Amino acid sequence: MCNAGSPCSAVITGAGAYVPEKVMTNEEWSKLVDTNDEWITTRTGIKTRYFAPEGVYTSHLAINAGRQAIEDAGVNPEDIDLLIVATICPDRPLPSTACFVQHGLGLTNAACFDLVAACSGFVYALDTAKQYILAGSAKRVLVIGAETMSRIIDWQDRSSCVLFGDGAGAVVVERVDEPGKGILSSKIGANGGLSELLRIETGGTAEPLTHDNLDERRQYVKMEGNVVFKHAVRNMSEIATKAVEAAGLTLEDIDWLVPHQANTRIIDAVGRQLGIDASKVVVNIQKFGNTTAASIPLALKEAVTDGRIKKGDNVLIVAFGAGLTWGSSVFRWEK
Ligand code: ACO
């Protein structure tokens, strides 16, 4: 046990990201549903998103991002002892998508499981990885957020279909035998009493698929967007403040805020409430839309690759999603 007499830290040592090649523009959506570029841009900030072509699904995206993260960490697939795939778009109901990814990446020594926390999935999975490492139960964890949202949105529902995109992001989290490094804090929360605000009604044991409910299009994501919006701003600001406190830092110490990319208006409001200048906020929703559990690692990888996030920077991530769920973490970028 590294937290009993032999202190250690959980450190992000590699990152990867992948989006499929097929771009879907606002103009293309406006030919399919009653919407337009102006509405989507001003209400959400989204200009394009990427959709997986036929035959490409969540495990493919996850494998591409995961491979990049493993290479970036400079480790071998056999060195990974735990794989967590955060997704609400599993390849199949059974087995877990993580099993397909474990096989595809050759993670022969890794246990694996899926984690379902919607847009908070990556933050939940990072927290889980940290707990495994601090408990001494894992040394090297591959955390992936991967989604093929294009398959679970209702292509006839303009209030939600324009928001989402497909993609995957991944990090390797490693045990380092030194305290105070890497992930400094993580906080997660939920309110299952608000589960109806963002849901898929059929396809589970409560309501198995039938011809009737398929005809009613109830197998797709439904969202009470404007109600979710208010909860998102409040909960993201609160949990981020708690994560910063738990890290022993103040908001002035934060070099970069990497928020879940659901809506630029949500991102702006959270930044304002936290008093973090817009120049320190990583935003790429205009390109990718809301990629659910993939959005934070996609944005993180982008900001690391283009040199914005540098060694020694304090990074604050915060997410909010269906459940309702939310979470936040502070880590020092050590690469
Ligand atoms: N094009 C044109 N008009 C539209 C569209 C569209 N694509 N979608 C909705 N409208 C219309 C509505 O019909 C409504 O018209 P009305 O006033 O005539 O009734 C009007 O626009 C306003 O609709 P609202 O839903 O109130 O719009 P809002 O400003 O709230 O924006 C949005 C909607 C973008 C969904 C926003 O509420 C939002 O971002 N919510 C939060 C999403 C989120 O954070 N989700 C959590 C993560 S997702 C996950 O976990 C899977």
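## Domain layout

In this predicted model, the domain assignment divides the chain into domain 1, covering residues 2–176, and domain 2, covering residues 183–332. The C-alpha centres of domain 1 and domain 2 are 13 Å apart, and the contact between them draws on 54 residues from domain 1 and 41 residues from domain 2.

## Buried area

Between them, domain 1 and domain 2 bury about 3700 Å², of which 63% lies on carbon and sulfur atoms. On the side of domain 1, the residues that lose the most area to domain 2 are Cys119, Val123 and Tyr124, which together account for 17% of what that side buries.

## Polar and charged links

Across the interface of domain 1 and domain 2, two salt bridges are found by the rule applied, together with 22 residue pairs in polar contact, counted where both residues have pLDDT 80 or more. A salt bridge also joins the side chains of arginine 217 and aspartate 154, with an N to O distance of 2.9 Å.

## The domain 1 side of the contact

Several elements of domain 1 each supply at least two residues to the side that touches domain 2: the strands are E1 (9–18), E3 (48–51), E6 (140–148) and E7 (166–176), and the helices are H2 (37–44), H3 (58–73) and H5 (121–134). Helix H5 gives the most to this side, with eight residues.

By residue class, the side of domain 1 that touches domain 2 consists of 28 nonpolar, 15 polar and eleven charged residues.

Key:
Residues are numbered from 1 along each chain as its sequence is written. This is a predicted model: local features need pLDDT of at least 70, side-chain atom pairs count only at pLDDT 80 or more; totals for chains, interfaces and linings use all residues. Side-chain values use heavy atoms; hydrogens and water are left out. Domain bounds come from an automatic or database domain assignment. Contact means heavy atoms within 4.5 Å. Buried area is the accessible area (1.4 Å probe) that two parts lose on being put together, summed over both. A salt bridge is a side-chain nitrogen of Lys or Arg within 4 Å of a carboxyl oxygen of Asp or Glu. A polar contact is a pair of N or O atoms within 3.5 Å; within protein, one must be able to donate a hydrogen and the other to accept it, and residues adjacent in sequence count only if both atoms are side-chain atoms. Helices (H or I, at least four residues) and strands (E, at least two) are DSSP runs, numbered from the N terminus. Ala, Val, Leu, Ile, Met, Phe, Trp, Tyr, Cys and Pro count as nonpolar, Asp, Glu, Lys and Arg as charged, and the others, Gly among them, as polar.
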